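The entries follow the order in which I looked.

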Amino acid sequence: MPAFSPLSPSQLRRARRRLLESGEPVLGDSIDERLARSWQRSLSAGLTPLERQCRDEYLSASELQRRLARNHDLLSHSRPVMEYLFEQVRDSGSMVILADRDGVLMESLGDGGFVARAERVALLPGANWHEARRGTNAIGTALAEGGGIEIHGEEHFLERNAFLTCAAAAIAGASGELLGVLDISSDQRGRHPHTLSLVNTAARMIENRIVLASCKKQIRLHLHTRAEGIGSVAEGIVALSDDGWIVGANRAGLALLGLGVADIGATPLQRLLDLRLHAILDRARRRPGEVVHLRRHDGMALFALVHAEAPPLTHAPVQAAPASPPMPRDALARLDTGDRGWQLAAEKARRIAGKGIALLLHGESGVGKELFARAVHEASPQRQGPFVAINCAALPENLIEAELFGYVPGAFTGARKEGSIGRLREAHGGTLFLDEIGDMPLSMQTRLLRVLQEKEVMPLGGGKAVAVDFALISATHCQLRQAADAGRFRSDLYYRLNGLTLNLPALRERSDLSALVARLLRTSLPEDADAATELCLSPSVLAAFSTYAWPGNLRQLASALRTAVAMLLPGETEIDWLHLPDDLVEELRAEAGGGRPASSVRDAAACLQEISRRAIDDALAACRGNVSAAARRLGISRQTLYRKLAV
């Protein structure tokens, strides 16, 4: 996609000035409507073209590390492509940059000569380039528009960024969710007409790697309009459930089937093609590796290569369509590891998503309230908007008002001279997550209640009220109802927050510990590990884990497993006592009643095997003998399940 307009810098400055004077988008033959929309969003965020660099633009080192950990999969699949991309633009005075879905820069590769200039405009990891903070720019605008964007010179809303030319492309996951942005930035004098095409191609390569990794256990169709196109970066990839429902796809796959993101999880393949899944799989079984010729119901010809880990279906399919489609594989479904209490909470949250009902999450520290809230956001109609998380307990009382509501220039001593829009306005169009809401001061509760009632924010120091619209999720580890009854929390705010209360179970109360451990171990594998590597806990360690109280809940478990994986020697795949942190070993042994003699270890192992076998039998019964479905239910691979059945 080309840059927005061929206008000269002076013409762009005049057009932007007209926008500032009139307050309306500048449309017409000379200004592309996407640029006008972006400028308007920048203006609505309280930005002005002459704004200078903010003092608090970077995340702290610890915040950045947490952000990198949350985006581990995106980073691991992007780095090889970024390195290849940088080789194509090396010595051109450019930077290759990866940002997450919130516009935070996470990784960059750059030529030394350009890096020095980039540092002055915070083009380095930890900086936030969301449109609400930086105005029109390739990263933020690609996130807002959801596609490939080039922003050149004076097209940037902030004049201080006019020396840049930037091309960026959004990166989507298998469910169509926005994961991040890939960008090339350089001096505007070095603009190249093919940069955006290069970035778009690289972003598609990353998307394909992510889709293949997340759907490797599903049946996959690799599609193209030409047989020779299969295996290229332009191929479509579509993942299917065992009964033929589309559960994942890359953008090319959706386009080839004439689908949109909303169709993932809600469309059976037989609704689109003239050949049923069992027939496609049967052909693949008889002639593995052969490209299959398919035809859409509208007559469009396609070629497909089938990849199926599960054995092909050989029985005649049931002709009647299911009475209702399976639940979509949304962000909540991807977190589901089998605990019924957690599943009930997810089902209720899914039903109210997008309906304007406030959600209040109760749960002990470390149970994953923010993770759950982010998944609710990603499963909601607001998923293309921002997810703004605020820890009310971590904000100093003298700063919380300015942080939440924003302020006009010069509102108080020490305020930034350009003012601030505040976190509530940042959440406009998306989701606001207020963590530890019970620790918010009473004076702030009054102002927050007014915002929720009137749906507008008045910044500190005066100025015009600004309308806001966001989904609201709050979380607390304390009992807000009791706090309200005792006068420590406003009862009217409590009832405004409590549209639906969900209690997230503590780790010791969950029935899916083994599946949680398996998932966390998969995400803890080193980047250079073989894709087929499966880590596991020794029977005695797993038995001890299953009886431990886990006071730190999921956060403690994840930390312990990351440490244990780091302690493994090359070739080791089983985590035992010597790999665990010493303090955790002491607590596990103390809770078990002292040391662990060999007899107790054998007893624990035998008990564990019995529990494991019973869980397998229950899963197979629930899935009517379908081994692949049972393996997914248990959180293990199909090969692992076959090995356990053979014992």
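**Cavities**

I worked on a predicted model, in which local features need pLDDT of at least 70 and side-chain atom pairs count only at pLDDT 80 or more, while totals for chains, interfaces and linings use all residues. Residues are numbered from 1 along each chain as its sequence is written, and side-chain values use heavy atoms, with hydrogens and water left out.

For the terms, I took a 1 Å grid over the protein atoms alone, where a cavity is a set of points at which a 1.4 Å probe fits but cannot get out, a pocket is an open set with protein on both sides within 12 Å along at least five of seven lines, and lining residues have an atom within 4 Å of a point. Grid points are joined across faces, edges and corners, and a volume is the space filled by probe spheres set on the points.

The largest cavity has a volume of about 130 Å³, and of its 16 lining residues I noted Ala353, Gly354, Ile357, Val376 and Ala471 as those nearest its centre. At least two lining residues come from each of α12 (340–352), α13 and β16 (471–476), helices (H or I, at least four residues) and strands (E, at least two) being DSSP runs numbered from the N terminus. β16 gives the most, with three residues. By class the lining has nine nonpolar, six polar and one charged residues, where Ala, Val, Leu, Ile, Met, Phe, Trp, Tyr, Cys and Pro count as nonpolar, Asp, Glu, Lys and Arg as charged, and the others, Gly among them, as polar.

**Second largest pocket**

I then turned to the second largest pocket, which holds about 690 Å³ of space and is lined by 30 residues, with Arg41, His130, Pro386, Glu426 and His428 nearest its centre. Among the elements that give two or more residues to this lining are α2 (33–44), α7 (138–145) and β15 (466–467). I recorded 11 nonpolar, nine polar and 10 charged residues in the lining.

**Helix α4 against α8**

The axes of α4 (residues 72–89) and α8 (residues 195–214) come within 9 Å and cross at roughly 155 degrees; axes are lines fitted to C-alpha atoms, for helices over the stretch in contact, and angles run from 0 to 180 degrees between N-to-C directions. The two helices are therefore roughly antiparallel, angles under 35 degrees counting as roughly parallel, over 145 as roughly antiparallel, 65 to 115 as roughly perpendicular and the rest as oblique. Their crossing is right-handed, meaning that the near helix is turned clockwise from the far one by less than a right angle.

**Helix α1 against α2**

I found the axes of α1 (residues 9–22) and α2 within 11 Å, crossing at roughly 50 degrees, which makes α1 oblique to α2.
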